[in-house]
Amino acid sequence: MFIVDPFFWEVVISGLLAGVMYSLVALGFVLIFKASGIFNFAQGVLALFAALTLVGFQTGQVPFAHLVNTIFGTNIHHWGDGLHTLIAIGFTLVVMIGLAWVIVRVVLKNLVNQEGIILFMATIGLAYVLEGLGDVMWGADVKPLDVGLPSGPSDTVIDMTGMFVEKLEISAAVVAIILVVALTIFSQYTKMGRALRAVADDHQAALSVGIALETIWWIVWSVAGLVALVAGIMWGAKSGVQFSLSLIALKALPVLMLGGFTSIPGAIIGGLIIGVGEKVFEIYFGPLLGGATENWFAYMLAMVFLLFRPQGLFGEKIIERV
Amino acid sequence: MNAFVRSDQAAPEDGIKAGEVMLRVENVSLAFGGVRAITDVSFDILKGEIRAIIGPNGAGKTSMLNVINGFYHPQEGEIWFRGVKRSNMKPHQIAHQGIARTFQNIALFKGMSTLDNIMTGRLTMMRRNMLWQALWTGPAEAEEIRHREFVERIIDFLEIQHIRKMPVGRLPYGLQKRVELGRALAAEPQLLLLDEPMAGMNLEEKEDMSRFILDVNSQFGTTIALIEHDMSVVMDLSDRVVVLDYGKKIGDGTPDEVCRDQTVIDAYLGVSHD
């Protein structure tokens, strides 16, 4: 029986922990979708940008150094030894909040009362702009990110159960739990929640009852920036800060289809299901299908869900009047 | 009969008495690119009256309402509200000044319940700002209960108790219009703007809505400006009427005066302009 096989449980646990990483990215999507009705294609790039900025501050890189050197023939690259990790995280957060303000001012402000699909297109544009900006500011090379999180296999777990579990992934799970609790309280148990839902539902009506649309958007994009920073730190610590990080946004899509675009717990559970499903399927059925099932399993699962439950596991029921 | 009394947090009255000018529109012109929507229009709205804005399709009525509540900023002209000239304000600031409105095509929060929709109307009345509420829910909770009471009274007044918990997206058109009126009333507005409150309603629904509008006006002294197509409704409800045609004002006076005015009759029946 595979239920008693410790190897099976090792697979499940590593799947759960990988799922947490997907959930972290999906969370950013859900936040913005709930609060502004925008499907933010740039969320993955936002995580990349946050991680790049953090590494930049941490190692004391001069932003736009390459550009400046090319234009003025100088040779600058670092301004010092860099900042302490916690201070660097603080500065990065300030940058993300500033970025949110710029996004609202430059992009969203001009698109009030437009269709969701137009706002979606705008975020695709935003994704490319941010990717380019990150490249020009901090360079395109793969950078290691070390924020002092424990890494390597956990000895305690090995001693107790004989299973091999990454410490980093355990920290990711802890961080995700803290984040989810905080966000749920923020968006569901405060009066802010009603204003957020109002903005997501109808811009014009929200304005007419006295909701300051731009302020709400700024707050929401700042929080999404914070979530992006956390996701960026976790992914960066795991596999280095590299531009392929922006592609993890694609893995968040099936997670959202499973969990529903409007549910914070849904994003978490969806991530876990995909994480576990992917690993278990790869180990037990992968060999029969020639391997590499991790590349497509999540999307297939999402498609099956779309057929039977288009609003996702926890999404709001779709009401349609003809 | 008092369906509900004004709460203690109503916006200050500024000492404007009934019959004095509440809002004055002076020589307002509005253009979209080369298209002139409103040309040099002036009129006033007195405190306590029901003022109708009528005119054929495309006359600029809704544009006028959008100017008053700040969705559009006119290129020329001035707007005075409660004796103060208004500079270009954002719609949410104008809502905080005490102007509430409904929309021609109903702009409700469709996924939310009737109760929640009307509660959003109380946002301008909430003392603690939203960030404060996000951080500390204690005092905000007590405030929420007070607002909830007021909203329940509005629900009673509009006779929509049976749909309190229903998502408004599922309600029939006539009821949605009523919920939208409720949301506007929840803000305890000084000036209430209604954009075709009876469009698409059957006779019975129209009579109900007329009754609500008259009650709001007489019981709370709310000043109302409304756009309406149905002339019999306009005659019954309004104290004074302003008539627009092709963005220009062509008539202003009591319903009787306006109805006898030859220019107005021509605009409605259509004559060759030569």
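Reply: Start in chain A, where residues of α4(A) meet residues of α10(A): A:T92, A:L93, A:M96, A:I97, A:L99, A:A100, A:W101, A:I103 and A:V104 on one side, A:E214, A:W217, A:W218, A:W221, A:S222, A:G225, A:L226, A:A228 and A:L229 on the other. Contact here is defined as C-beta atoms, placed from the backbone, within 7 Å. This is a predicted model; local features need pLDDT of at least 70, side-chain atom pairs count only at pLDDT 80 or more, and totals for chains, interfaces and linings use all residues. Residues are numbered from 1 along each chain as its sequence is written, while chains are lettered from A and ligands numbered from 1 in the order in which they are written.

Me: What makes α4(A) oblique to α10(A)?

Reply: Helix α4 (residues 85–106) and helix α10 (residues 213–239) of chain A pack at about 140 degrees, with axes 8 Å apart. That angle makes α4(A) oblique to α10(A). The classes are roughly parallel under 35 degrees, roughly antiparallel over 145, roughly perpendicular from 65 to 115, and oblique for the rest. Axes are lines fitted to C-alpha atoms, for helices over the stretch in contact, and angles run from 0 to 180 degrees between N-to-C directions. Helices (H or I, at least four residues) and strands (E, at least two) are DSSP runs, numbered from the N terminus.

Me: Why is α2(A) called mostly covered?

Reply: In α2(A), 16 of the 17 residues are buried. A residue is buried if 20 or more other C-beta atoms lie within 10 Å of its own, exposed if 12 or fewer, and partly exposed in between; C-beta atoms are placed from the backbone.

Me: Why is helix α1 of chain B called largely enclosed?

Reply: Seven of the eight residues of α1(B), 61–68, are buried, so the rest of the structure largely encloses this helix. The buried ones are B:K61, B:S63, B:M64, B:L65, B:N66, B:V67 and B:I68. After α1(B) comes B:G70, with a positive phi near 90 degrees.

Me: What makes strand β3 of chain B largely enclosed?

Reply: Five of the five residues of β3(B), 50–54, are buried, so this strand too is largely enclosed. B:I50, B:A52 and B:I54 point one way, and B:R51 and B:I53 the other. In a regular strand the side chains alternate between the two faces of the sheet.

Me: How do you know that β3(B) and β8(B) pair?

Reply: Pairing requires at least two DSSP bridges. Strands β3(B) and β8(B), residues 223–227, share four, in the parallel sense. One partner of B:I53 is B:I227. Four bridges also join β3(B) to β9(B), residues 240–245, again parallel. There the partner of B:I53 is B:V242.

Me: What makes β6 and β10 of chain B edge strands?

Reply: The open, mixed sheet has six strands in the order β6-β7-β8-β3-β9-β10. Strands β6 (99–101) and β10 (248–253) each pair on one side only. The twist averages 20 degrees from one strand to the next.

Conventions
Two residues are in contact if their C-beta atoms, placed from the backbone, lie within 7 Å.
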